[in-house]
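User: I am new to this structure and would like to learn how to read its features. Please take me through them step by step.

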Amino acid sequence: MSSNRPQPYFSRSQVTLVRGLWMVVTAILAFMTLFPLLWMVSIAFKPAAESFSSNLIPQSPTLDNFIYVLTAVPFIRYMANSFLVSASVTIVALFFHTMAGYALARLRFPGREVLFLSIFSTFLVSLPVIIVPLFVIVKAMGMLNSYAGLIIPAIFNAFGIFLLRQYYLSLPKEIEEAARIDGAGYWRIYWSVILPLSRPIMSALAILFFLANWNSFLWPLTITSDPNLWVVQLGIANFKSQYSASWNYMMAASTIVAIPTLILFVIFQRQIMDSLKTSGLK
Amino acid sequence: MTTIAETAARRRHAGRTHLSAKHREWIAGYLFVLPDALGLLVFLGVPMALSLVLSVFEVNGFGAYSFVGTKNYLRMWNDPLFWKGAKVTALYAVMLVPLLYTCGLGLALLVQRTDRFNAVMRSMFFAPHMVSLVVVALVWQFMVVDKIGVISRLTAALGIGGFSFLGDPNFALITIVLVSVWFLMGFYMLIFLGGLQDIPRQYYEAAMIDGAGAIARFWFITLPLLKPTSFFVIMVSMVAAVAGAQAFDIIYVMTKGGPANATSVLIVYIYQQAFGFGAFGYAAAMASILVVALMIVTAVFFALTRGGRFNHEQ
């Protein structure tokens, strides 16, 4: 498309040369960006003696590190906990946020704008800032060291509501009208008109929520001391304090933790990046 | 447009059913928003208020609260580690925000053209953002291990080695900044790509016909039209620098605030005071000050940019 742009200064071959150089520079930078992750995977497959050799491709690749990590530490349990927490948060959050987004975008009621602005104003409040009082509240509710404590406070965030509201604002007005003429109530309209239409944005948000919760560390660190409830990020941070010299084990553990998210990313990269791209000020 | 008379006539005609339909919509609206509104209130709104309340209390070893007035704030004033934390936080922000802006915009310009090659490159630049910060911290810590880490050896080979990335108080924070940039830059690249997408092509075509070079086009078209995006990026990255989870996670795993408190940003110091020493009141006082500081910075920035409103669509 843009190659047809007028190029008043350069000949065609010069343009090709510049473009080629540009691509080479981009590729080198992209490789450098990816290098730490490649390095992690590489060490994970290297025997301990090879941990500090400088070759990216292991000379004698082995699965021993993975086997050791999975048998010596209850990583499977940590992963199951992470999965349970992330999936629960994602499902409930999507349910609540689509409801709120629908009402804030398409229903008229007094105080709607004030409500939206107050929700939006929590956009920039981050967990580290409120961690102390939040801990006090969750403790008072008796949710320390429980799945409920891991899941419930993580459900609520303004980002999802905001994106869904924007999406519902962009839908044409007519979509509800047919349903309304048929005498459908608001719940019916939400359930059988709005939700099916939200599938693309909901799948993007589902991935984002799942990843964010899979990767979250500070909240689980604060409220779970019982190792049976540990999520995978806590497991690996604790693993570090026990095996601080065994980098081959640590990189294997890191790979196990990172691989599910990277696979999700490879499959859904377009949806993930598109939905984040639109989260800017618009 | 309906006239007032028409509306009044319709109201008379519709009578009670019209009103109750309206009220039904109201009630539906409130019920739909209720779960989220309640959750945000309990887990975000109340904590923010509670932070201020907690800050005038002291908690003893048995969990009993006693009112202490301004004691926690006075303690803060006289605590050199609080001031150290404030300084480290400011330094972190001063380094992180411009670096993220430059790297984010630079990468976006690099892969701006939509083609298959750039699509792959974008994914590669963004991939670090998908990895958990604990893993990010571990991998980087491994790469900068003194003398034998792959980056330590690389810098030594280039003749700039010989220092400890995480052990030297002069370099530890810089290392943390670089890791943060590596993790966050892909996200800001996407935000900038979204902004670049909205700049009409014709502007560049017109400028090229007028003979404007690449630098002139960037300076006179791209940058001015990117203002709303820039505003968003600077504000969000500033908040991320002062209070973001990435700072906490990376520092907590890599240095725990050391060496010699060189990476002890306020959120890490607050956490240690609360959950290491049980000084909840003191930690809440510091967190309140942090919230106020954030609000002031945001307000000033908002005022300077006239509310972040730009004539973007024109």
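Analyst: A term is needed at the outset: helices are DSSP runs of at least four residues, numbered from the N terminus. With that numbering, B:Pro259 is found in the loop between helix H11 (245-254) and helix H12 (266-276) of chain B. Please keep in mind that this is a predicted model.

User: Which residue is joined to B:Pro259 by a cis peptide bond?

Analyst: The partner is B:Gly258, and omega of the bond is about -10°. The loop between H11 and H12 of chain B also holds B:Ala260. Phi of B:Ala260 is positive, near 50°, although the residue is not a glycine.

User: Is B:Ala260 buried or exposed?

Analyst: The general idea is to count C-beta atoms within 10 Å: 20 or more make a residue buried, and 12 or fewer make it exposed. B:Ala260 counts as exposed because it has 11 such neighbours. A:Asn145 also has a positive phi, of about 50°, without being a glycine. With 15 C-beta neighbours inside 10 Å, A:Asn145 is classed as partly exposed. Its place is the loop between H5 and helix H6 (147-155) of chain A.

User: Which residues touch the most other members of the largest nonpolar core?

Analyst: This core has 166 residues, and those touching the most other members are A:Val132, A:Ala253, B:Val136, B:Met189, B:Ile250, B:Ile270 and B:Ala283. Helix H7 (residues 169-197) of chain B gives the most to the core, with 15 residues. Leaving aside neighbours within four places in sequence, B:Val136 is in contact with B:Pro128, B:Val131, B:Val179, B:Phe183 and B:Ile250.

User: Where does B:Leu138 lie, and what is it in contact with beyond its neighbours within four places in sequence?

Analyst: B:Leu138 belongs to helix H5 (residues 133-143) of chain B. It is buried, because 25 other C-beta atoms lie within 10 Å. Beyond those sequence neighbours, its contacts are A:Lys240, A:Met250, A:Ser254 and B:Val253.

User: How many residues of chain B are in contact with chain A?

Analyst: There are 79 residues of chain B in contact with 73 residues of chain A. On the chain B side, helix H1 (residues 4-54) supplies the largest share, 20 residues. By class, that side has 61 nonpolar, eleven polar and seven charged residues.

User: What is the radius of gyration of chain B, and how does it stand beside that of a compact globule?

Analyst: A compact globule of 314 residues would have a value near 20 Å, whereas chain B has 26 Å. Along its principal axes, the C-alpha trace of chain B spans about 85 × 70 × 30 Å. The secondary structure of this chain comes to 13 helices and two strands, and 40% of its 314 residues count as buried.

Notes. Residues numbered from 1 in each chain as written. Chains lettered and ligands numbered in written order. Predicted model: local features only at pLDDT ≥ 70, side-chain atom pairs only at ≥ 80, totals over all residues. Contact = placed C-beta atoms within 7 Å. Nonpolar A, V, L, I, M, F, W, Y, C, P; charged D, E, K, R; others polar. Rg over C-alpha atoms; globule rule 2.2 N^0.38 Å. Core = buried A, V, L, I, M, F, W, Y, C linked by C-beta atoms within 7 Å.
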